Amino acid sequence: MTGRRRPTFPRPFPGVISAAAGAVLLSGCGVLPGASGGSREPVTVMTWAPDRSEDINAVKMAGVPAMAQTYARWVNDTGGIDGRELKVIVCDESDTALGAERCAREAVEKKVAAVVGSYSRHGQSFMPALEAGGVPYIGGYGASTEEFSSYLSYPVNGGQPALLAGHGRQLSRSCERVSLVRPDSIGGDGMPPLLNNGLMAADRPASTDILAPLDATSYDEQATRALERSDGGCVTAVLGTRTETFFDSFRRLEPDGEQVRISSVLGSVSQPLIDRTGGPNSPFEGAYVTGWYPDARNARWKEMREVIGKYAFGDNRIDPDDTAVQTTWIAYTALRAAVRAIDDEEVTSGRVVAALNGGVEVDTGGLTPTLRWRFKDLVGTLSYPRIVNTKVTFQVVREGRLTAQKKGFVDVSDVLTDAPRS
């Protein structure tokens, strides 16, 4: 079947949440605004993220599906993607392995063209289901390692590996030595080599490795160890949602009159977290932070902010300073490029995969380097072969805002490896 038949369909209306699957479907009617005549076959995709959970420790990313719905309203109001209506199904994966697998199976059953701009820590559960159904995963947040290894994943950033490698390089400019506070877990075990590669490339010594439990309510022991090593050095913590708890302990134990330079990476520290913990008076003031994208006040985010302002209808789930919201915007930009490359044919998951593998170039307006997922564009390291974007940004918290410490991007491809440097 081709896209040359031009059926009509209802005008877009806000989504309705399905009680059974927690899914929302944006649909539409008539001729898309800005399109001439009828419209091509619609494009149906899914976006998932944890939204509601009774577990107080669960991650919540309600802004991700909300941004996807906002993007669809904007695109459909301005003619669709080359005349195609964009339909977005959203699914609450509840920050559980079962929830992630359920969402993936629903995506396959509903024959979506792609899963786009989603957040899940449970790649080991959702990726096999997507692979079995041939559904591509475009621009996930990067919270699971499978996003950087599956042949059907098309990441838009370098994930935590790029952040850690870049963070070592960022800290090497100002820190004589570094203490790394990281999770006592299999995932945490991979952090020191990446950070150390960035440090040792600048002839700095390897970091002091301080292990921490992720379920602690206080990190006094780890903070004390970090302070013992802090003279002339920096303390970095990469503990996800527990990073705030660690730095509360650290600042409380810090001697009066001293202020040790602290640091982290996006995902553990964010602008919403800084705002919530006091802005200019937060414990993160002065911290070094490595990110994937330009800081939130950069002019390159102007279009996204304008779309949110016009089409989100005051939805307070969407914070344009949130990296997850920003990643969703970039992921849908990649989807748009792939759909345009398919031209007149029906947009299926197989054709989206073929377009992306065939070398579709994604111009994100300078929010990332030009993205492309041909075999020769992949970094190809053993642990994360699917990374194509090896660039990061160096930021610092000044007056309660993440701001650029260094203009532009820094390429960390030369230290982005899981093998320690010698």
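A residue is called buried here when its relative accessible area is under 20%, exposed when over 50%, and partly exposed in between, with a 1.4 Å probe and protein chains only. The structure is a predicted model, in which local features need pLDDT of at least 70 and side-chain atom pairs count only at pLDDT 80 or more, whereas totals for chains, interfaces and linings use all residues. Residues are numbered from 1 along each chain as its sequence is written, and side-chain values use heavy atoms, with hydrogens and water left out.

Buried residues make up 58% of the 422 residues in the chain, and its secondary structure comes to 12 helices and 14 strands, where helices (H or I, at least four residues) and strands (E, at least two) are DSSP runs numbered from the N terminus. Of the contacts (heavy atoms within 4.5 Å) in the chain with a separation of 6 or more, 67% are between residues 24 or more positions apart.

| Residue | Location | Relative accessibility |
|---|---|---|
| Thr236 | strand β9 (residues 234-237) | 0% |
| His122 | loop between β4 and α3 | 14% |

Leaving aside neighbours within four places in sequence, Thr236 is in contact with several residues, among them His167, Leu171, Val178, Leu195 and Ser264. Ser263 also belongs to this set, and the side chains of Thr236 and Ser263 make a polar contact at 3.1 Å; such a contact is a pair of N or O atoms within 3.5 Å, and within protein one must be able to donate a hydrogen and the other to accept it, while residues adjacent in sequence count only if both atoms are side-chain atoms.

His122, not counting residues up to four places away in sequence, touches Glu93, Asp95, Thr96, Ala97, Ala100 and Ser144. The C-alpha atoms of His122 and Glu101 are separated by 8.3 Å, although the two residues are 21 apart along the chain.

In helix α3 (residues 123-133), the residues Gly123, Ser125, Phe126, Met127, Ala129 and Leu130 are buried. These buried residues of α3 pack against β2 (40-49), α2 (97-109), β4 (115-116), β5 (137-138) and β6 (153-154), and the helix is followed by Gly134, whose phi is positive, near 70°.
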